[in-house]
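Let's walk through a structure together, one feature at a time. Keep the viewer open as you follow the conversation.

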Amino acid sequence: RIMRYFLILLFFAAGLSAAEHPHLLFSKEDIPALQAKIKAGGIPGKAYKQLIARCNKHLQMKSVPSKIVKSQLSDAKLDALSELALAWQLGGDMKYLNAVERLVTDARNRKIDLIKTGHHVPYILDWAYVGLSLANQKYLKDLITPSGNNEEDVHALVRSYIGVRNYHEAL
């Protein structure tokens, strides 16, 4: 639940404009403004502290869930990869990106379909993409598109996954 509230907060706090990662709910140019809102305290600061507390627990994860979680809107383990990626984007702490890399590598090696198991692959792909190894970038792209190599198709599918055809329509 915390992840959903934080994402909603980010969605309304930031303008959506960039064509490079990240750009689903905020752009790279929006990060300084988001960091300022977090530093100012209030709800953004509290939400960020909760995100970091959850991410510090996620650092202990050895692997990602490989079974489908049915009838459940959220699960801490299913939110882990996207939360770690978001924490890295907003705070820049490499331990969060390193955890995403380690867990995505584990999923890739175990041939886990992160989409079918309920992970938030578009957010993981968008928020961690630039920091992931080429093998993990390809693995995540291949989960979203069969060819895995057409960047425009990936962006179109990601937008449709979150229900937004045009980023600016979301505002």
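**Reading helices, cores and charges**

A: Let's begin with helix 6, which is mostly covered: eight of its eight residues are buried. Keep in mind that we are looking at a predicted model.

Q: Which residues of helix 6 are buried?

A: They are Val121, Pro122, Tyr123, Ile124, Leu125, Asp126, Trp127 and Ala128. A residue counts as buried when its relative accessible area is under 20%. In the chain, buried residues make up 48% of the 171 residues.

Q: How many helices and strands does the chain have?

A: There are eight helices and zero strands.

Q: How do I describe two packed helices?

A: In general, you give the angle between their axes and the distance between the axes. Here, helix 6 and helix 7 pack at an angle of about 145°, and their axes are 10 Å apart. Their crossing is left-handed.

Q: Which residues of helix 6 and helix 7 meet?

A: From helix 6 come Val121, Pro122, Ile124 and Leu125, and they meet Gln137, Leu140, Lys141, Leu143 and Ile144 of helix 7. Sorted by class, this contact has seven nonpolar residues, one polar residue and one charged residue.

Q: Now for the core. Which residues of the largest nonpolar core touch the most other members?

A: Look for Leu81, Val100, Leu114 and Leu140 among the 40 residues of that core. The elements giving two or more residues to the core are helix 2 (31-39), helix 3, helix 4, helix 5 (94-109), helix 6 (121-128) and helix 7 (134-144). Helix 4 provides the largest share, eight residues.

Q: What about charged side chains: when can they pair?

A: The general idea is that side chains of opposite charge can pair when their charged atoms come close. This structure holds four salt bridges. One of them is between Arg54 and Asp79, with the closest N and O atoms 3.6 Å apart. Arg54 sits in helix 3 (residues 42-58) and Asp79 in helix 4 (residues 76-91), so this pair links distant parts of the chain, 25 residues apart.

Q: Which residue forms a salt bridge with Arg54 at 2.9 Å?

A: That is Glu83, with 2.9 Å between the closest N and O atoms. Because Glu83 lies in helix 4 and Arg54 in helix 3, the pair ties together parts that are 29 residues apart in sequence.

Q: Are Asp79 and Glu83 buried or exposed?

A: Asp79 is buried, with a relative accessible area of 0%. Glu83 also counts as buried, at 0% relative accessibility.

Q: Where does Asp106 come in?

A: The side chain of Asp106 meets that of Arg110 in a salt bridge, at 2.8 Å from N to O. Asp106 has a relative accessible area of 18%, so it counts as buried, whereas Arg110 is partly exposed at 38%. Elsewhere, salt bridges that share partners join Arg54, Asp79 and Glu83 into one network.

Key: Residues are numbered from 1 along each chain as its sequence is written. This is a predicted model: local features need pLDDT of at least 70, side-chain atom pairs count only at pLDDT 80 or more; totals for chains, interfaces and linings use all residues. Side-chain values use heavy atoms; hydrogens and water are left out. Helices (H or I, at least four residues) and strands (E, at least two) are DSSP runs, numbered from the N terminus. Buried means under 20% relative accessible area, exposed over 50%, partly exposed in between (1.4 Å probe, protein chains only). A nonpolar core is a set of buried Ala, Val, Leu, Ile, Met, Phe, Trp, Tyr and Cys residues joined through side-chain atoms within 4.5 Å. Axes are lines fitted to C-alpha atoms, for helices over the stretch in contact, and angles run from 0 to 180 degrees between N-to-C directions. A crossing is left-handed if the near helix is turned anticlockwise from the far one by less than a right angle, and right-handed if clockwise. Contact means heavy atoms within 4.5 Å. Ala, Val, Leu, Ile, Met, Phe, Trp, Tyr, Cys and Pro count as nonpolar, Asp, Glu, Lys and Arg as charged, and the others, Gly among them, as polar.
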